[in-house]
Each structure stands twice: as C-alpha cells, then as structure tokens.
Amino acid sequence: MAAASVFQTRLKSITDEYTRLIRRKNPVDASWSNGWYTRHKYPVLTNRHVPLFWRYDLNPETNPFFIERLGINAVFNAGAIEFDGKICVVARVEGFDRKSFFAVARSDNGVDNFVFDDYPVVFDEAPDPDTNVYDMRLTRHEDGWIYGLFCTERKDPCAPASDTSAAVAACGIVRTKDLRDWQRLPDLVSDSPQQRNVVLHPELINGKYALYTRPQDDFIKAGTGGGIGWALCGSMENAVIHEEKIMDPRVYHTITEVKNGMGAPPVKTAEGWLHVAHGVRNTAAGLRYVLYSFLCDLNDPSKIIAHPGGYFLAPEGEERVGDVSNVAFSNGMVARANGDIFIYYASSDTRLHVAKTSTAVILDYVKNTPPDPHYTLRCVKQRVDLIRKNLAFVESHQPLKKAKKPVPAKKGRKR
C-alpha cells in the first residue's frame with residue numbers, strides 16, 4: 001500500500017475512534033452502590049482522550065505512515081473547578097518520556113464528553129528547573145485568584161552519583177483568573193525537607209493564607225513526618241511557613257499508617273469544612289492508596305470534628321490495574337450550587353474517574369459513621385452493637401401475629 005494511502009487510512013480510523021470516545025455517554029455503574037456515591041461505567045479521561053494533534057504529526061510529507069511522534073502514557077490526578085458554567089479539570093498528563101505536564105479539559109455535565117483545550121498549561125520555569133511537575137490542586141480563593149499548587153520534583157543534589165532515583169519534592173505555585181494564562185510564583189519555603197500534597201484553604205484565616213501540608217523527611221518515606229499539617233503564611237507571592245501543626249496524624253495499623261495527604265481543597269458546608277484525603281498502608285504486594293473523608297470546624301478549619309473509620313473509596317476491579325497498581329488518588333472535587341459533589345479520582349496512576357454524591361449524603365456519611373477505635377476487639381464491639389440494634393429494631397417492628405379466632409363454647413342442654 002502506498003504511503004499516502006496508509007496515511008489516509010490510519011488518519012480516518014484513528015480520528016473516528018477518537019471522536020466516538022469523546023462523545024461517548026458515561027452511565028452510572030449500576031453494579032456498584034454503597035449509598036455514599038455513584039460510580040460511572042467509564043473513566044472520564046484516559047490517554048486516548050488527548051487530542052491527536054498532540055501525539056501525531058498530521059503532515060503526510062513528514063509522517064507518511066501516520067505514526068505517533070509524542071506518545072501519551074497516562075492521564076490522571078486532576079485538580080477540578082467549576083468555571084464559566086463548565087466542570088474543568090487540570091489533569092496530570094504523562095508522556096512516554098515519563099515527564100508530566102498539566103492540561104485543562106472541560107465538560108458540560110462533569111461525567112462525560114471532556115475535551116482538552118488546544119494547548120497544555122504553560123507557565124515559567126523556576127530558577128531551579130523542575131525535572132517533573134504533577135498533581136495540581138485548584139483553589140478559588142477569596143482574594144480573587146485561582147491558585148494551582150502542585151508538586152515540583154528535582155534530583156536530590158545530596159545523593160551519590162550512583163543513585164539516579166533520589167529526589168526532592170517541593171510545592172510549586174501558580175495562579176490564574178481564566179485557566180488560560182498562568183503566573184508562576186516562587187515555590188513554597190518550609191522547614192520540612194520534603195513537601196508534597198500541599199493544598200490552599202479557600203479563605204483567609206486571621207488575615208493569613210492557610211495551607212494543608214504534608215511534611216516528609218524522604219521522597220518516598222514519611223519518616224518523622226506525622227501526617228496532614230496545618231500552617232499559615234502572610235503571602236502567596238512569597239509563601240514561607242516555619243510552623244506546621246499536625247491536624248490528622250498517621251496511625252499504626254490503619255489506612256494511614258504509612259502516609260496520608262490532603263486531596264482537593266475542602267468544601268464549605270453549613271456543618272463544617274468537608275475533606276477528602278488519601279491514606280497509604282503497606283501490603284505484601286506494595287503500597288495501597290485509598291480515599292477517606294473527614295469534617296473540620298467552620299471557625300477553626302484545623303480542628304477535625306468528625307472522622308469516620310476506614311476508607312471512603314478504594315480501587316475496584318479494573319481500577320486496581322495500572323502503572324502503579326492498587327491506587328486510588330484524588331486532588332479534585334467540585335461542589336455545585338444544587339448540592340451535587342463530584343469527586344475526581346485516579347486509579348493506579350493511569351486514568352481519571354468521577355464519583356458523584358451530594359452534600360447531604362456525604363455529611364450523613366461523615367457525621368454518622370463511627371470512628372476507628374484502633375483495636376480489634378473494640379472494632380468487633382462496634383459491629384456487635386450495630387447488629388444488636390438492628391435485630392432489636394426488626395423484632396420490634398414485625399407485623400403483629402394474627403390473633404387466633406376464639407373457640408366457640410360447646411352448646412349444652414338448656415337448663
């Protein structure tokens with residue numbers, strides 16, 4: 001087959017496939033229901049959702065066989081925001097070269113038909129160049145800016161030359177007002193050797209910017225890093241923190257025993273600040289990432305007032321398979337005026353999904369699910385108490401048994 005014919009055949013086939021994909025409806029997955037949220041049948045974004053003109057040279061003279069020039073490996077961990085009537089996510093897009101970058105995709109309904117902007121997000125390089133950037137959290141702040149806080153990764157300068165994997169993670173900061181033009185600000189300065197999963201609170205606290213942090217000694221291991229931190233700083237243009245208060249510590253033999261970190265910026269409700277975070281534990285097959293939720297005080301967002309035991313969402317079925325298996329991770333959540341909440345979560349560092357719930361439902365879950373008592377027999381007692389309560393309720397609400405008809409007296413002789 002002539003090269004021109006090969007080009008046209010492949011172009012049409014791949015374009016048709018791409019068009020079908022981005023127009024596909026994403027129904028609720030009826031096979032899954034715990035009452036907390038609904039999952040949807042398909043991921044909302046994958047590497048196949050990336051525009052063809054990001055991957056292929058569309059000129060038949062320079063690409064006669066229509067082959068990929070710049071491949072995309074994965075689309076996952078996305079910040080999220082409602083903007084101009086659409087649900088917008090800023091996804092982490094990873095090329096075949098292992099480098100990640102950010103890209104905005106928009107949808108009318110938040111569950112399907114996401115389409116990427118023509119160009120990825122572009123902002124200035126830091127004085128110390130970022131080797132890699134990823135996992136942006138978007139905060140619409142009361143100061144009028146939309147901030148994007150992300151992880152910027154660089155090779156550890158103190159590592160020996162033989163160690164080409166040791167890295168230093170820091171919090172990079174950008175801001176925008178239209179999701180198109182992005183201004184780079186200096187990286188967050190803190191006393192922690194490593195900072196990852198930093199989230200900006202949407203309101204000022206006593207005139208200062210509030211940050212949820214994750215202090216860590218090592219790029220992978222938390223070390224003395226104790227969990228999710230809380231810190232205040234005077235400016236985001238030169239963000240510096242020196243004191244971090246641990247508000248949600250790691251706990252032995254729980255879903256957060258290895259690491260935990262904040263997900264998206266919290267949602268403000270009438271009953272408190274609603275959070276979705278991730279917890280990490282170790283297994284014989286490696287680290288397992290799940291999501292959990294908690295509620296903080298409206299007047300003191302660093303104070304947790306409700307903390308259900310266990311996880312809120314874990315990878316299920318095909319979600320457990322990917323580049324880094326057995327991982328659910330979220331850094332994007334959108335609360336709409338009608339009470340709907342969209343939680344965008346990635347599975348196994350490969351693809352992006354959405355779980356849909358409502359403010360009323362998730363508040364019921366957070367407030368009325370018992371906390372983790374941390375000891376097996378106490379956990380059993382918790383469950384026994386529920387069983388006893390349920391059995392007593394069922395017994396007391398059974399329909400009354402039909403009364404037996406009275407037996408008529410035997411007719412006797414008249415006296």
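Analyst: Two strands count as paired if DSSP finds at least two bridges between them. Strands are DSSP runs of E with at least two residues, helices are runs of H or I with at least four residues, and both are numbered from the N terminus. The model is predicted, so local features need pLDDT of at least 70 and side-chain atom pairs count only at pLDDT 80 or more, while totals for chains, interfaces and linings use all residues. Residues are numbered from 1 along each chain as its sequence is written, and side-chain values use heavy atoms, with hydrogens and water left out.

Start with the open sheet ordered S6-S7-S8-S9, whose 4 strands pair in the antiparallel sense. Its edges are strand S6 (132–140) and strand S9 (183–185); each has a single partner strand, so one side of each lacks a neighbour in the sheet. On average, neighbouring strands of this sheet are turned by 30° against each other, direction ignored. Angles of this kind are taken between axes, which are lines fitted to C-alpha atoms (for helices, over the stretch in contact), and they run from 0 to 180 degrees between N-to-C directions.

S21 is linked to strand S22 (residues 340–347) through 7 bridges in an antiparallel arrangement, and valine 334 has phenylalanine 342 in S22 as its bridge partner.

Strand S12 (residues 209–213) has 5 of its 5 residues buried, so the rest of the structure largely encloses it. Buried means under 20% relative accessible area, exposed means over 50%, and partly exposed lies in between (1.4 Å probe, protein chains only). In a regular strand, side chains alternate between the two faces of the sheet. Both faces of S12 are covered, with Tyr209, Leu211 and Thr213 buried on one side and Ala210 and Tyr212 buried on the other.

Strand S11 (residues 199–200) runs antiparallel to S12 and is joined to it by 2 bridges, with leucine 200 partnered by leucine 211. S12 also pairs antiparallel with strand S14 (residues 227–233) over 5 bridges, where tyrosine 209 is opposite cysteine 233.
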